[in-house]
Amino acid sequence: MSRRRFQKKPLIVCLKTLLLGYSFVFWVSGLVLLSVGLWWMLMLGPYSVLISRAPSAVPFVLSGTGAGIVVLSLFGCWATCRGRCWMLRTYAVLLALVFLTELIAGISGFIFRHEIKGSFFNSFSEAVQKYNALDERSLAVDDLQRKLHCCGVSNYSSWISSSYFPNGGIPGSCCADIRDCERGELRNQTSAAARVFTEGCFELVTSFIDRNLGIIAGVTFGIAFSQLIGTTVACCLSRFIDTNQYQMV
(Lines give C-alpha, C1' and ligand atoms only; values in the text may rest on other atoms or scores of the structure.)
Protein backbone atom coordinates (compact mmCIF):
# COMPACT_ATOMS: atom_id res chain seq x y z
CA MET A 1 0.00 0.00 0.00
CA SER A 2 2.82 2.41 0.95
CA ARG A 3 4.72 1.61 -2.26
CA ARG A 4 1.63 2.31 -4.35
CA ARG A 5 1.20 5.63 -2.52
CA PHE A 6 4.77 6.69 -3.30
CA GLN A 7 4.29 5.70 -6.93
CA LYS A 8 1.43 8.19 -7.22
CA LYS A 9 3.40 11.18 -5.92
CA PRO A 10 5.32 11.78 -9.20
CA LEU A 11 2.01 11.54 -11.09
CA ILE A 12 0.42 14.08 -8.77
CA VAL A 13 3.37 16.45 -9.26
CA CYS A 14 3.09 16.00 -13.03
CA LEU A 15 -0.65 16.73 -13.01
CA LYS A 16 -0.12 19.80 -10.81
CA THR A 17 2.49 21.13 -13.22
CA LEU A 18 0.21 20.48 -16.17
CA LEU A 19 -2.74 22.18 -14.49
CA LEU A 20 -0.63 25.20 -13.51
CA GLY A 21 0.55 25.50 -17.11
CA TYR A 22 -3.02 25.25 -18.37
CA SER A 23 -4.22 27.84 -15.84
CA PHE A 24 -1.53 30.24 -17.02
CA VAL A 25 -2.62 29.84 -20.66
CA PHE A 26 -6.24 30.23 -19.53
CA TRP A 27 -5.25 33.43 -17.70
CA VAL A 28 -3.62 34.79 -20.87
CA SER A 29 -6.77 34.03 -22.91
CA GLY A 30 -8.79 35.96 -20.31
CA LEU A 31 -6.50 38.97 -20.67
CA VAL A 32 -6.90 38.78 -24.46
CA LEU A 33 -10.70 38.75 -24.21
CA LEU A 34 -10.63 41.61 -21.69
CA SER A 35 -8.34 43.62 -23.99
CA VAL A 36 -10.56 42.95 -27.02
CA GLY A 37 -13.64 44.07 -25.07
CA LEU A 38 -11.95 47.29 -23.91
CA TRP A 39 -10.58 47.92 -27.43
CA TRP A 40 -14.09 47.43 -28.85
CA MET A 41 -15.53 49.97 -26.41
CA LEU A 42 -12.80 52.56 -27.04
CA MET A 43 -12.12 52.13 -30.77
CA LEU A 44 -15.28 50.58 -32.25
CA GLY A 45 -17.78 52.25 -29.91
CA PRO A 46 -18.67 55.02 -32.40
CA TYR A 47 -19.55 52.40 -35.03
CA SER A 48 -21.92 50.46 -32.77
CA VAL A 49 -24.75 52.83 -33.74
CA LEU A 50 -24.36 51.57 -37.33
CA ILE A 51 -24.58 47.89 -36.36
CA SER A 52 -27.82 48.09 -34.42
CA ARG A 53 -30.33 50.70 -33.31
CA ALA A 54 -29.87 49.56 -29.70
CA PRO A 55 -26.51 49.86 -27.88
CA SER A 56 -24.36 46.76 -28.42
CA ALA A 57 -23.70 44.56 -25.39
CA VAL A 58 -20.91 42.60 -27.12
CA PRO A 59 -17.95 44.63 -25.73
CA PHE A 60 -19.35 44.41 -22.20
CA VAL A 61 -19.85 40.65 -22.56
CA LEU A 62 -16.28 40.22 -23.83
CA SER A 63 -14.84 42.38 -21.05
CA GLY A 64 -16.91 40.65 -18.37
CA THR A 65 -16.04 37.18 -19.69
CA GLY A 66 -12.35 38.08 -19.87
CA ALA A 67 -12.32 39.44 -16.32
CA GLY A 68 -14.15 36.33 -15.09
CA ILE A 69 -11.62 34.05 -16.79
CA VAL A 70 -8.71 35.97 -15.23
CA VAL A 71 -10.20 35.53 -11.74
CA LEU A 72 -11.09 31.87 -12.39
CA SER A 73 -7.58 31.04 -13.65
CA LEU A 74 -6.05 32.61 -10.53
CA PHE A 75 -8.37 30.51 -8.40
CA GLY A 76 -7.25 27.47 -10.40
CA CYS A 77 -3.59 28.22 -9.65
CA TRP A 78 -4.37 28.65 -5.96
CA ALA A 79 -6.41 25.44 -5.86
CA THR A 80 -3.62 23.52 -7.60
CA CYS A 81 -0.93 24.80 -5.22
CA ARG A 82 -3.05 24.08 -2.15
CA GLY A 83 -4.01 20.64 -3.44
CA ARG A 84 -7.48 20.75 -1.87
CA CYS A 85 -9.87 18.34 -3.53
CA TRP A 86 -12.98 20.48 -3.08
CA MET A 87 -11.20 23.46 -4.66
CA LEU A 88 -10.10 21.39 -7.64
CA ARG A 89 -13.61 20.00 -8.11
CA THR A 90 -15.06 23.50 -7.92
CA TYR A 91 -12.52 24.65 -10.52
CA ALA A 92 -13.49 21.75 -12.79
CA VAL A 93 -17.20 22.57 -12.50
CA LEU A 94 -16.61 26.26 -13.24
CA LEU A 95 -14.47 25.37 -16.27
CA ALA A 96 -17.26 23.13 -17.54
CA LEU A 97 -19.75 26.01 -17.15
CA VAL A 98 -17.42 28.36 -19.04
CA PHE A 99 -17.10 25.75 -21.79
CA LEU A 100 -20.87 25.43 -22.16
CA THR A 101 -21.33 29.22 -22.17
CA GLU A 102 -18.67 29.77 -24.84
CA LEU A 103 -19.97 26.88 -26.92
CA ILE A 104 -23.54 28.21 -26.86
CA ALA A 105 -22.36 31.75 -27.67
CA GLY A 106 -20.20 30.52 -30.57
CA ILE A 107 -22.97 28.39 -32.07
CA SER A 108 -25.51 31.20 -31.66
CA GLY A 109 -23.20 33.70 -33.39
CA PHE A 110 -22.64 31.28 -36.28
CA ILE A 111 -26.33 30.47 -36.68
CA PHE A 112 -27.53 34.08 -36.46
CA ARG A 113 -24.73 35.62 -38.55
CA HIS A 114 -27.20 36.40 -41.37
CA GLU A 115 -29.51 38.19 -38.93
CA ILE A 116 -26.53 40.23 -37.71
CA LYS A 117 -25.69 41.17 -41.30
CA GLY A 118 -29.34 42.10 -41.90
CA SER A 119 -29.35 44.30 -38.80
CA PHE A 120 -26.18 46.05 -39.97
CA PHE A 121 -27.63 46.54 -43.48
CA ASN A 122 -30.89 48.05 -42.18
CA SER A 123 -29.22 50.27 -39.59
CA PHE A 124 -26.51 51.51 -41.97
CA SER A 125 -29.05 52.16 -44.75
CA GLU A 126 -31.17 54.19 -42.34
CA ALA A 127 -28.11 56.18 -41.24
CA VAL A 128 -27.33 57.01 -44.89
CA GLN A 129 -30.93 58.01 -45.68
CA LYS A 130 -31.16 60.28 -42.60
CA TYR A 131 -27.60 61.62 -42.87
CA ASN A 132 -27.16 65.28 -41.83
CA ALA A 133 -23.36 65.48 -41.20
CA LEU A 134 -24.01 66.52 -37.60
CA ASP A 135 -25.43 63.76 -35.38
CA GLU A 136 -23.60 60.76 -33.94
CA ARG A 137 -24.69 58.30 -36.64
CA SER A 138 -23.73 60.68 -39.44
CA LEU A 139 -20.26 61.22 -37.97
CA ALA A 140 -19.86 57.44 -37.63
CA VAL A 141 -20.79 57.03 -41.33
CA ASP A 142 -18.18 59.62 -42.31
CA ASP A 143 -15.49 57.99 -40.20
CA LEU A 144 -16.29 54.53 -41.58
CA GLN A 145 -16.15 55.72 -45.20
CA ARG A 146 -12.83 57.52 -44.69
CA LYS A 147 -11.11 54.64 -42.91
CA LEU A 148 -12.40 51.82 -45.14
CA HIS A 149 -12.26 53.81 -48.40
CA CYS A 150 -15.86 52.98 -49.23
CA CYS A 151 -18.96 54.96 -50.15
CA GLY A 152 -22.62 54.34 -49.35
CA VAL A 153 -24.32 51.03 -48.65
CA SER A 154 -23.93 49.30 -52.04
CA ASN A 155 -21.95 52.12 -53.75
CA TYR A 156 -22.07 55.91 -54.14
CA SER A 157 -25.56 55.69 -55.70
CA SER A 158 -27.00 54.90 -52.26
CA TRP A 159 -26.60 58.61 -51.45
CA ILE A 160 -28.73 59.81 -54.35
CA SER A 161 -31.99 58.88 -52.59
CA SER A 162 -30.86 60.33 -49.24
CA SER A 163 -32.35 63.49 -47.73
CA TYR A 164 -28.88 65.08 -47.74
CA PHE A 165 -28.14 64.74 -51.47
CA PRO A 166 -30.38 67.52 -52.96
CA ASN A 167 -28.53 70.23 -51.01
CA GLY A 168 -25.24 68.64 -49.92
CA GLY A 169 -24.61 66.04 -52.60
CA ILE A 170 -22.46 63.04 -51.72
CA PRO A 171 -20.54 63.59 -48.44
CA GLY A 172 -16.89 64.59 -48.70
CA SER A 173 -15.93 61.48 -46.71
CA CYS A 174 -16.55 59.50 -49.92
CA CYS A 175 -13.88 61.40 -51.87
CA ALA A 176 -10.90 59.36 -53.02
CA ASP A 177 -8.89 62.60 -53.02
CA ILE A 178 -10.43 65.43 -51.00
CA ARG A 179 -8.38 67.98 -52.97
CA ASP A 180 -10.12 66.88 -56.17
CA CYS A 181 -13.66 67.11 -54.77
CA GLU A 182 -15.80 70.20 -55.00
CA ARG A 183 -19.29 70.55 -53.60
CA GLY A 184 -20.78 71.22 -57.03
CA GLU A 185 -19.23 68.07 -58.46
CA LEU A 186 -20.53 65.98 -55.56
CA ARG A 187 -24.08 67.13 -56.40
CA ASN A 188 -23.71 65.79 -59.93
CA GLN A 189 -24.04 62.01 -60.27
CA THR A 190 -21.85 61.79 -63.36
CA SER A 191 -18.90 63.85 -62.10
CA ALA A 192 -19.13 62.44 -58.57
CA ALA A 193 -18.79 58.86 -59.83
CA ALA A 194 -15.22 59.54 -60.98
CA ARG A 195 -14.14 61.16 -57.70
CA VAL A 196 -15.52 58.96 -54.94
CA PHE A 197 -14.70 55.48 -53.66
CA THR A 198 -16.30 52.84 -55.85
CA GLU A 199 -16.86 50.07 -53.30
CA GLY A 200 -19.86 50.00 -50.96
CA CYS A 201 -19.27 49.83 -47.20
CA PHE A 202 -21.73 47.00 -46.54
CA GLU A 203 -20.12 44.65 -49.04
CA LEU A 204 -16.64 45.56 -47.81
CA VAL A 205 -17.45 44.84 -44.15
CA THR A 206 -19.44 41.63 -44.75
CA SER A 207 -16.89 40.21 -47.20
CA PHE A 208 -14.14 40.72 -44.62
CA ILE A 209 -16.22 38.85 -42.03
CA ASP A 210 -16.98 36.01 -44.46
CA ARG A 211 -13.30 35.64 -45.42
CA ASN A 212 -12.24 35.39 -41.79
CA LEU A 213 -15.26 33.49 -40.46
CA GLY A 214 -13.38 30.16 -40.47
CA ILE A 215 -10.50 31.63 -38.45
CA ILE A 216 -12.87 33.31 -35.99
CA ALA A 217 -14.89 30.10 -35.54
CA GLY A 218 -11.73 27.99 -35.15
CA VAL A 219 -10.26 30.25 -32.47
CA THR A 220 -13.58 30.50 -30.63
CA PHE A 221 -14.25 26.76 -30.53
CA GLY A 222 -10.57 26.03 -29.85
CA ILE A 223 -10.65 28.20 -26.73
CA ALA A 224 -13.97 26.66 -25.69
CA PHE A 225 -12.81 23.04 -26.04
CA SER A 226 -9.56 23.80 -24.21
CA GLN A 227 -11.68 24.06 -21.07
CA LEU A 228 -12.31 20.32 -21.37
CA ILE A 229 -8.57 19.74 -20.92
CA GLY A 230 -8.53 21.80 -17.74
CA THR A 231 -11.67 20.08 -16.45
CA THR A 232 -10.22 16.61 -17.08
CA VAL A 233 -6.84 17.40 -15.47
CA ALA A 234 -8.48 19.03 -12.43
CA CYS A 235 -10.77 16.01 -11.92
CA CYS A 236 -7.87 13.54 -12.28
CA LEU A 237 -5.68 15.51 -9.89
CA SER A 238 -8.48 15.70 -7.33
CA ARG A 239 -9.05 11.95 -7.60
CA PHE A 240 -5.36 11.04 -7.21
CA ILE A 241 -4.91 13.42 -4.25
CA ASP A 242 -8.00 12.01 -2.60
CA THR A 243 -6.81 8.42 -3.15
CA ASN A 244 -3.31 9.25 -1.92
CA GLN A 245 -4.65 10.83 1.26
CA TYR A 246 -6.89 7.81 1.87
CA GLN A 247 -3.95 5.41 1.51
CA MET A 248 -1.91 7.48 3.97
CA VAL A 249 -4.64 6.96 6.54
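**Figure 1. The disulfide of Cys175 and Cys181 in the predicted model.** Cys181 is buried in this predicted model, its relative accessible area being 15%. Its partner in a disulfide is Cys175, with the two sulfur atoms 2.2 Å apart. Cys175 also counts as buried, at 7% relative accessibility. The link of Cys175 and Cys181 is left-handed, with -120 degrees about the S-S bond.

**Figure 2. The disulfide of Cys151 and Cys174.** The sulfur atoms of Cys151 and Cys174 are joined in a disulfide at 2.2 Å. The torsion about their S-S bond is about 95 degrees, so this disulfide is right-handed. Cys151 lies in the loop between H6 and H7, and Cys174 in the loop between H7 and helix H8 (183-186), so the pair ties together parts that are 23 residues apart in sequence. Cys151 counts as buried at 0% relative accessibility, and Cys174 is buried with a relative accessible area of 0%.

**Figure 3. The disulfide of Cys150 and Cys201.** Cys150 and Cys201 have their sulfur atoms 2.0 Å apart in a disulfide. Here the torsion about the S-S bond is about 90 degrees, so the disulfide is right-handed. Cys150 is in the loop between H6 and helix H7 (165-168), whereas Cys201 is in helix H10; the pair therefore ties together parts that are 51 residues apart in sequence. Cys150 and Cys201 are both buried. A search of the whole structure finds three disulfides, and with bonded cysteines counted along the chain they follow the pattern 1-6, 2-3, 4-5.

Figure 4. Cys81 is exposed, with a relative accessible area of 56%. For Cys236, the closest cysteine sulfur is in Cys235 at 7.0 Å, which is likewise too far for a bond. Cys236 is partly exposed, with a relative accessible area of 32%.

**Figure 5. The largest nonpolar core.** This core has 23 residues, and those with the most contacts inside it are Phe124, Cys151, Trp159, Ile170, Cys174, Leu186 and Val196. H5, helix H6 (136-148) and helix H10 (201-248) each supply at least two residues of this core. The largest share, four residues, comes from H5. Leaving aside neighbours within four places in sequence, Val196 is in contact with Cys151, Tyr156, Ile170, Cys174, Cys175, Ala176 and Leu186. Apart from this core lies another, of 22 residues, including Ala79, Cys85, Met87 and Phe240.

Figure 6. Buried residues of H4 include Cys85, Met87, Leu88, Tyr91, Ala92, Leu95, Val98 and Phe99. Glu102, Leu103 and Gly106 of H4 are also buried. The buried residues of H5 are Lys117, Phe120, Ser123, Phe124, Ser125, Glu126, Ala127 and Val128.

Figure 7. The side chains of Glu126 and Arg137 meet in a salt bridge, at 3.7 Å from N to O. This pair links distant parts of the chain, with Glu126 in helix H5 and Arg137 in helix H6, eleven residues apart. Arg137 is partly exposed, with a relative accessible area of 22%. Glu126, Lys130 and Arg137 are linked in a network of salt bridges. Asp143 and Lys147 form a salt bridge with an N to O distance of 3.5 Å. Both lie in helix H6, four residues apart, about one turn of the helix. Asp143 counts as partly exposed at 24% relative accessibility, whereas Lys147 is exposed at 56%.

**Figure 8. The salt bridge of Arg195 and Glu185.** The closest N and O atoms of Arg195 and Glu185 are 3.1 Å apart in a salt bridge. Arg195 lies in the loop between helix H9 (189-193) and H10, and Glu185 in helix H8, so the pair ties together parts that are ten residues apart in sequence. Arg195 is partly exposed, with a relative accessible area of 22%. The whole structure contains five salt bridges.

**Figure 9. Confidence along the chain.** The mean pLDDT of the chain is 81, and 86% of its residues reach 70 or more. Among the elements of the chain, H6 has the highest mean pLDDT (88) and helix H2 (residues 48-51) the lowest (66). Over residues 1-7, pLDDT stays under 50, and the model has five contacts beyond four places in sequence for these residues.

Notes
Residues are numbered from 1 along each chain as its sequence is written. This is a predicted model: local features need pLDDT of at least 70, side-chain atom pairs count only at pLDDT 80 or more; totals for chains, interfaces and linings use all residues. Side-chain values use heavy atoms; hydrogens and water are left out. Buried means under 20% relative accessible area, exposed over 50%, partly exposed in between (1.4 Å probe, protein chains only). A nonpolar core is a set of buried Ala, Val, Leu, Ile, Met, Phe, Trp, Tyr and Cys residues joined through side-chain atoms within 4.5 Å. Contact means heavy atoms within 4.5 Å. A disulfide is a pair of cysteine sulfur atoms within 2.5 Å. pLDDT is the predictor's confidence in each residue, from 0 to 100. A salt bridge is a side-chain nitrogen of Lys or Arg within 4 Å of a carboxyl oxygen of Asp or Glu.
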